[in-house]
Amino acid sequence: MTHLRRAITIGVVLAACVGLAASARSTLPQAPTPAQADQSPGRKEVRGLWVIRSTLTSPARIDELVRTAVGAGYNTLLVQVRGRGDAYYQSALEPRAAELSGQPATFDPLALTIERAHAAGLTVHAWFNVNLVAGAATPPRDKAHIAVREPGWLMVPRQMAGTLSRVRPTSPAYLTQLTRWTRDRSDSVEGLFLSPIPEASQQYTLSVVRDLMARYALDGLHLDYIRYPTNDFDYSAAALDAFRAQHAVLASAADRARLDAMLKRDPLAWTSFYPQQFENFRRERLNLLVERIRGVVRGTRPDAVLSAAVVPVADDARRLKLQDWSLWARTGLIDVVCPMAYATTVEGFTQQMTETKAGAFGRPVWAGIGAWRLSVAHTAEHIRAARRSDAAGVLMFSYDGLMAATAPRGRYLTQLRPALVEGGDRP
C-alpha cells in the first residue's frame, strides 16, 4: 500500500466516525434556514431555468439569456458553472473551460451573469456537477484537471476492479482503460466520476465549493450528479482499501486472515463477504460529503439556498444510485429538493411528484420538468400538475434546448409564458 493510500485509509476511518456522530445529531428534521424559509410553499413561486454551460460562452449570449428569461416570466437561473471538472468562472483550483478559449482571460461568465441577472431582478444559483468530472467521449487533457492529476480518485465499476487493481493509477494506461470502458457504455454511464470515498478526494471537492461560494454573490448552490453512476461503482483500489480498513477492526481474527489471504487473487474479497456493509459504506461517504458541502455553504454564504437535483423516487435513488436524498431532506442537509421528473405524461409526472413529496419531509420541492421532450401545451399541463402537487417552484430543462426547439429562437419560451405566470404566485 502506498503512502497516499495509507493517508486516505486513515482519513476515511476518522471521517466515518465523524459521519456516525453527525448522523446521531441529525435524527430529527432541522428548523429551516432563513434562505430556505424564503423559498417555502406560501412564498413567491420559483420559476427557474436550468442553463447549460454552452450559453455562458460570450457576453452576447448571457445578455440574451437574461433578456429572454425576464420576458418569458422566469425569476431564477440555475447556471452550469462546473460541467466536467472545469470552470465557467474565475477558479483558483480548476482549469478554465476550453469553450472559453475564444474569450479574453478577463471574461468571467458567472460574474457577468450575476451582474446582469440581479439588475433584472433574477436570482442566480450555481449549478455544480459534483461527482461527474469528465466525459469519456472527450477526456480531459489539461494536466491541471483533477481526472488527469488524480486518476486514482475516480470511481471504478465492479467489472474493472480486477483489471485496474493490476495497473498503477499514475500509469497512463489506468486512465486510458477506464475511459475506454466508460465510452463503450455511454448509453448508461455519463462519464468519469470522482469518488466521495477517499478523504483527499472529498477535501478537494470541498475546496472547489468553498472557492466558488467565497468569490461570488450567489443566491444558491445547486448540486447535480451528487450520486454514483450506478450501485456497481466505486470499486477503485482507494475505496476498497478504505472499506477494508474500516471493517478489519470489526472482523474476527480468523475472518480477517482468511479475507486478507484472498485479496492476493481477488480484490473484491472483503466487499463480497460484506456486501450490505459495503453498500452502506459507499452511501454514508456520499452523505458525509453532502453534510460537509452544507457546512461550507453555511460558512461562506449563510443565506444561500442549497438544492439538489435528484432521482424522483427516493427508494430508487437510494438503491440504484446510492443517493439518499430523503435523508438529506429529513435532516436538513439540503434546503430544496429538485426531482428530475421527466415523465412525458401528466399521469407519470404527477406520480413522480407524489413520490418526491413523500420523501421530502416537508422540504420545498422545485419540480424539474423535462420540457425538451414536450410540446408547449404538454409542458403547460406539467406546470399545472406541479402546482396541484403544491410544489414550491418549477424548473425547465433546459433553457438552451428550448431556445433551439422552434424558430425563431425563444418562441417556445414565449408561447409558454401564459401558463408559467398564470396563478403562479400564492398569497
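This is a short talk on the fold of one protein chain and on a few places within it.

A word on the basis of what I say. This is a predicted model, where local features need pLDDT of at least 70, side-chain atom pairs count only at pLDDT 80 or more, and totals for chains, interfaces and linings use all residues. Residues are numbered from 1 along each chain as its sequence is written, and side-chain values use heavy atoms, with hydrogens and water left out.

I start with the chain as a whole. The protein chain has 18 helices and 10 strands; helices (H or I, at least four residues) and strands (E, at least two) are DSSP runs, numbered from the N terminus. Of its 427 residues, 56% count as buried. Buried means under 20% relative accessible area, exposed means over 50%, and partly exposed lies in between, with a 1.4 Å probe and protein chains only. The accessible surface comes to about 17,200 Å², and carbon and sulfur atoms account for 55% of that. Those areas come from the Shrake-Rupley method with a 1.4 Å probe, and for residues only the protein chains shown count as cover. Taking contacts between residues at least 6 apart in sequence, 78% join residues at least 24 apart; contact means heavy atoms within 4.5 Å.

Now the barrel. Eight strands form a closed barrel in the order 1-2-3-6-7-8-9-10, with parallel pairing. From one strand to the next, the twist averages 25 degrees. Two strands pair if DSSP finds at least two bridges between them. In general, strands of a sheet pair through backbone hydrogen bonds, either parallel or antiparallel.

Which strands flank strand 1? On one side, strand 1 (residues 46-51) pairs with strand 2 (residues 76-82) over 4 bridges, in the parallel sense. On the other, strand 1 pairs with strand 10 (residues 393-396), also parallel and over 4 bridges. Leucine 49 takes part in both pairings: its bridge partner in strand 2 is leucine 77, and in strand 10 it stands opposite methionine 396. Glycine 48 stands opposite threonine 76 in strand 2.

Is strand 1 covered or open? It is mostly covered, with 6 of its 6 residues buried. In a regular strand the side chains alternate between the two faces of the sheet.

Valine 79 stands opposite alanine 126 in strand 3. Strand 3 is mostly covered as well, with 6 of its 7 residues buried.

Next, the helices. Helix 8 (residues 199-215) lies across strand 2, strand 3 (123-129) and strand 6 (220-224), and runs at about 160 degrees to strand 3. Axes are lines fitted to C-alpha atoms, for helices over the stretch in contact, and angles run from 0 to 180 degrees between N-to-C directions.

Helix 8 also packs against helix 12 (residues 275-300), at an angle of about 25 degrees and with the axes 9 Å apart. The two helices are therefore roughly parallel; angles under 35 degrees count as roughly parallel, over 145 as roughly antiparallel, 65 to 115 as roughly perpendicular and the rest as oblique. Helix 8 passes helix 12 in a right-handed crossing. A crossing is left-handed if the near helix is turned anticlockwise from the far one by less than a right angle, and right-handed if clockwise. The residues that meet there include Leu206 and Val209 in helix 8, and Leu289 and Ile293 in helix 12.

Helix 15 (residues 346-359) packs with helix 16 at an angle of about 30 degrees, with the axes 10 Å apart. That makes these two roughly parallel, and the crossing is again right-handed. Val346, Phe349 and Thr350 in helix 15 meet a set of residues in helix 16, including His382 and Ala385.

I end with two single residues. Isoleucine 383 is in helix 16 (residues 376-388), and it counts as buried because its relative accessibility is 0%. Leaving aside neighbours within four places in sequence, isoleucine 383 is in contact with Ile369, Met396, Leu416, Ala419 and Leu420.

Aspartate 324 is found in the loop between helix 13 (314-320) and helix 14 (325-330). Aspartate 324 counts as buried, because its relative accessibility is 11%. With neighbours within four places again left aside, its contacts are Arg283, Asn287 and Arg318.
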